[in-house]
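Here is a brief report on one protein model. Please look over the sequence and the 3D view before reading on.

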Amino acid sequence: MVKGLVERLKAGETLVVAEGYLFEFERRGYLKAGAFVPEVVIEHPELVRQVHEEYVHAGSDVVLAFTYYGHREKLRVIGREDELEKMNKAALKIAREVADKTGTLMAGNLSNSCVYNPKDPETIEVTRNMFKEQIEWAVEGGADFIVAETYGMYAEAKLALDCILEYGNGLPAVITMSAHVDDTTTVDGLPLPESIKKLEDAGAAVVGINCARGPETIMPVLREIRKLCKGPIAALPVCYRTSKENPTMQSLKDPDTGKMAFPYNLDAWFNSRTQIDKFGKDCLELGIQYAGLCCGNCAHYTRSLAEVVGKTPPSSRYSPDMSQHFVFGRGKDLKYRHEYNNIKDRIGTDAEYAD
Ligand SMILES: [Zn+2]
């Protein structure tokens with residue numbers, strides 16, 4: 001019997017959560033940047049299963065059903081609204097099977113609706129119905145909990161939480177908002193840390209911040225949230241080198257052209273594994289128990305994060321060991337001192353390799 005989310009958090013465990021499926025499949029050539037709809041779920045289900053398995057292999061404790069942006073509005077935009085239910089159910093089924101096989105937790109996934117406008121009651125009703133149907137499919141699909149994420153507006157995040165509490169059959173809710181360039185206020189003009197606190201008070205099992213910001217610029221926001229929230233906090237940055245000058249991936253520019261790097265020219269800004277390690281250490285220091293990675297995530301980042309928070313996932317078997325390298329290694333197992341050992345500086349650098 002796999003322990004539930006709330007039980008594991010109460011026991012003080014830190015959960016690692018691999019996300020970033022949209023970007024991963026876009027890079028692999030199975031998903032279009034722009035609309036960002038997870039069509040791959042019905043076109044290449046075997047690949048979705050494989051990436052779920054890779055992420056678990058790398059240390060993810062959660063299999064997040066790939067239903068992000070698999071909602072009515074996005075499907076309408078690409079003219080596949082009639083396949084909405086099929087897509088959601090397929091994604092949930094794959095995720096459930098991988099979770100069962102690997103002894104991990106499976107989460108349903110809601111996102112921002114792309115239609116919600118707090119000043120327009122009709123859009124609020126449309127959003128409510130979009131949340132309701134996806135939540136009901138997640139319940140039916142056997143989700144262990146439901147993640148609702150990337151809300152810029154507090155009111156929409158609160159609506160998602162209310163819907164999970166109402167239609168989620170008692171499943172725990174993980175609610176995260178995104179901190180954009182202004183990290184002090186929500187898009188609907190409320191103080192951000194206080195808004196997150198309100199979501200905690202309203203019954204979310206986990207609250208926090210995901211997407212938009214990289215490890216370096218997400219932590220200051222979370223430090224403010226930590227001061228207010230007493231329960232489990234989620235931190236899921238994008239895996240890009242955001243900075244004070246460019247605090248979000250949307251504000252980063254392609255160094256060659258000066259144009260917006262988001263979403264498909266962010267490659268120059270990928271984090272190093274050392275930076276992901278630092279993020280993991282920051283999470284431990286701040287007592288963040290739901291630590292994950294969003295856009296830009298790859299299996300090697302997930303493994304770095306898992307290892308730094310104290311786990312030994314199956315893929316740790318292949319974690320780097322440069323002592324075995326024929327030029328740069330210094331290991332005692334190297335029987336012969338290779339000729340290249342004497343000319344290291346000519347083929348690389350004399351700098352120490354990272355441990
Ligand atoms: Zn993201």
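Which residues does Ser111 touch, not counting residues up to four places away in sequence? The contacts are Tyr68, Tyr69, His71, Phe131, Glu149, Thr150 and Tyr151. Note that the model is predicted.

Ser111 belongs to strand E3. Ser111 counts as buried because its relative accessibility is 1%, and the cut-off for buried is under 20%. A polar atom of the Ser111 side chain lies 3.5 Å from the backbone nitrogen of Tyr69.

Thr150 is found in strand E4. Thr150 has a relative accessibility of 10%, so Thr150 is buried. Its side chain makes a polar contact of 2.6 Å with the side chain of Tyr68. Tyr68 also touches Ser111. Leaving aside neighbours within four places in sequence, the contacts of Thr150 are Tyr68, Ser111, Asn112, Thr176, Ser178, Asn210 and Cys211. Among them, Cys211 is also a donor of the zinc ion.

## The zinc site

Three protein donors hold positions around the zinc ion: Cys211 (SG), Cys294 (SG) and Cys295 (SG). They lie 2.1 to 2.3 Å from the zinc ion. Along the chain, the donors follow the spacing C-x82-C-C. Cys211 and Cys294 link distant parts of the chain, 83 residues apart. Cys211 sits in the loop between strand E6 (206–210) and helix H10 (215–228). Cys294 sits in the loop between strand E8 (290–293) and helix H12 (299–308).

Are Cys211 and Cys294 buried or exposed? Both Cys211 and Cys294 are buried.

## The sheet

What is the order of the strands in the open sheet? The order is E1-E8-E7-E6-E5-E4-E3-E2, with 8 strands and parallel pairing. Strand E1 (15–18) and strand E2 (62–64) are the edge strands, and each pairs on one side only. From one strand to the next, the twist averages 25 degrees.

One of the pairings joins E6 to strand E7 (residues 233–236). The two strands run in the parallel sense and share 4 bridges. Here Gly208 stands opposite Ala234 in E7.

## Helices on the sheet

Helix H7 (residues 121–140) lies across strand E3 (105–111) and strand E4 (145–151). H7 runs at about 170 degrees to E3. H10 lies across E6 and E7, and runs at about 175 degrees to E7.

## A helix pair

Helix H4 (residues 45–57) packs against helix H6 (residues 84–102). The angle is about 35 degrees, and the axes are 10 Å apart. The crossing is right-handed. H4 contributes Pro45, Val48, Arg49, His52, Glu53 and Val56 to the contact. H6 contributes Ile94, Ala95, Glu97, Val98, Lys101 and Thr102.

## Backbone exceptions

Most residues other than glycine have a negative phi, and most peptide bonds are trans.

Cys114 lies in the loop between E3 and H7. Cys114 counts as partly exposed because its relative accessibility is 42%. Ala212 has a relative accessibility of 1%, so Ala212 counts as buried.

Pro263 is found in the loop between E7 and helix H11 (273–286).

## Asp120

Asp120 lies in the loop between E3 and H7, and Cys114 is in that loop too. Asp120 has a relative accessible area of 27%, so Asp120 is partly exposed. Its side chain reaches the backbone nitrogen of Glu122 at 3.0 Å.

How far apart in space are Asp120 and Ala351, C-alpha to C-alpha? They are 59 Å apart in space and 231 residues apart in sequence.

How values were computed. Residues numbered from 1 in each chain as written. Predicted model: local features only at pLDDT ≥ 70, side-chain atom pairs only at ≥ 80, totals over all residues. Heavy atoms only, no water. Donors = N, O, S within 2.8 Å, 3.2 Å for Na, K, Ca; no water. Buried < 20%, exposed > 50% of the residue type's maximum accessible area, 1.4 Å probe, protein only. Pairing = 2+ DSSP bridges. Axes fitted to C-alpha atoms, helices over the stretch in contact; angles between N-to-C directions. Contact = heavy atoms within 4.5 Å. Polar contact = N/O pair within 3.5 Å; in protein donor to acceptor, adjacent residues only side chain to side chain. Left-handed = near helix turned anticlockwise from the far one by under 90°.
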